[in-house]
Amino acid sequence: MALEAIARLEKLVDQLLTERIELQERNQELTAECERLMQDRSRVCDELDKLLGKLEHLEGKSQ
């Protein structure tokens, strides 16, 4: 009976370790995706700032 319980516990521990590894890998993927999105957002903000600067410059010339 005790050997059976130990075997079940070992199986559960192996399963939990496998799930932990999968979750860590998924977390790394999500972190990488988040970083890419942040870079994209920064790039878009920079482009918008440039466009706004150009618009303000054009408005200044037309007045």
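Begin by selecting Cys45, which lies in helix H1. Helices (H or I, at least four residues) and strands (E, at least two) are DSSP runs, numbered from the N terminus. The structure is a predicted model, in which local features need pLDDT of at least 70 and side-chain atom pairs count only at pLDDT 80 or more, while totals for chains, interfaces and linings use all residues. Residues are numbered from 1 along each chain as its sequence is written, and side-chain values use heavy atoms, with hydrogens and water left out.

## The whole chain

Now display the whole protein chain, which has one helix and zero strands. Helix H1 covers residues 2-62. Along the principal axes, the C-alpha atoms of the chain fill a box of roughly 90 × 10 × 5 Å. The radius of gyration of the protein chain is 27 Å, whereas a compact globule of 63 residues would have a value near 11 Å. This radius is taken over C-alpha atoms, and the globule rule is 2.2 Å times the number of residues to the power 0.38.

Two distances may be drawn in the viewer. From the C-alpha atom of Cys45 to that of Leu12 the separation is 48 Å, and these residues are 33 apart along the chain.

The protein chain exposes about 6300 Å², of which carbon and sulfur atoms supply 58%. Accessible areas come from the Shrake-Rupley method with a 1.4 Å probe; for residues, only the protein chains shown count as cover. What share of the 63 residues is made up of buried residues? The share is 0%. Buried means under 20% relative accessible area, exposed over 50%, and partly exposed in between (1.4 Å probe, protein chains only).

## The cysteines

Select Cys34 and Cys45 together. A disulfide is a pair of cysteine sulfur atoms within 2.5 Å, and by this rule the count comes to zero disulfides. Cys34 is in no disulfide, as the nearest cysteine sulfur, that of Cys45, is 14 Å away. Cys45 is likewise in no disulfide, with the sulfur of Cys34 at 14 Å. Cys34 is partly exposed at 44% relative accessibility, and Cys45 is partly exposed at 39%.

## The salt bridges

Side chains of opposite charge can pair when their charged atoms come close. How many salt bridges does the structure hold? There are three. A salt bridge is a side-chain nitrogen of Lys or Arg within 4 Å of a carboxyl oxygen of Asp or Glu.

- Select Arg26 and Glu29, whose side chains meet in a salt bridge at 3.4 Å, N to O. Both residues lie in helix H1, three residues apart, about one turn of the helix. Arg26 is partly exposed, with a relative accessible area of 45%, and Glu29 is partly exposed at 47%.
- Arg36 and Glu33 are separated by about one helical turn because they are three residues apart in helix H1. Arg36 is partly exposed at 43%, as is Glu33 at 34%.
- Finish with Lys50 and Glu47, a salt bridge whose closest N and O atoms are 3.8 Å apart. Both lie in helix H1, three residues apart, about one turn of the helix. Glu47 is partly exposed, with a relative accessible area of 39%.

## The charges

Finally, colour the chain by charge. The mean positions of its 10 positive and 15 negative charges are 5 Å apart. Lys and Arg count as positive and Asp and Glu as negative, while His and the chain ends are not counted. The place of a charge is taken as NZ of Lys, CZ of Arg, CG of Asp or CD of Glu.
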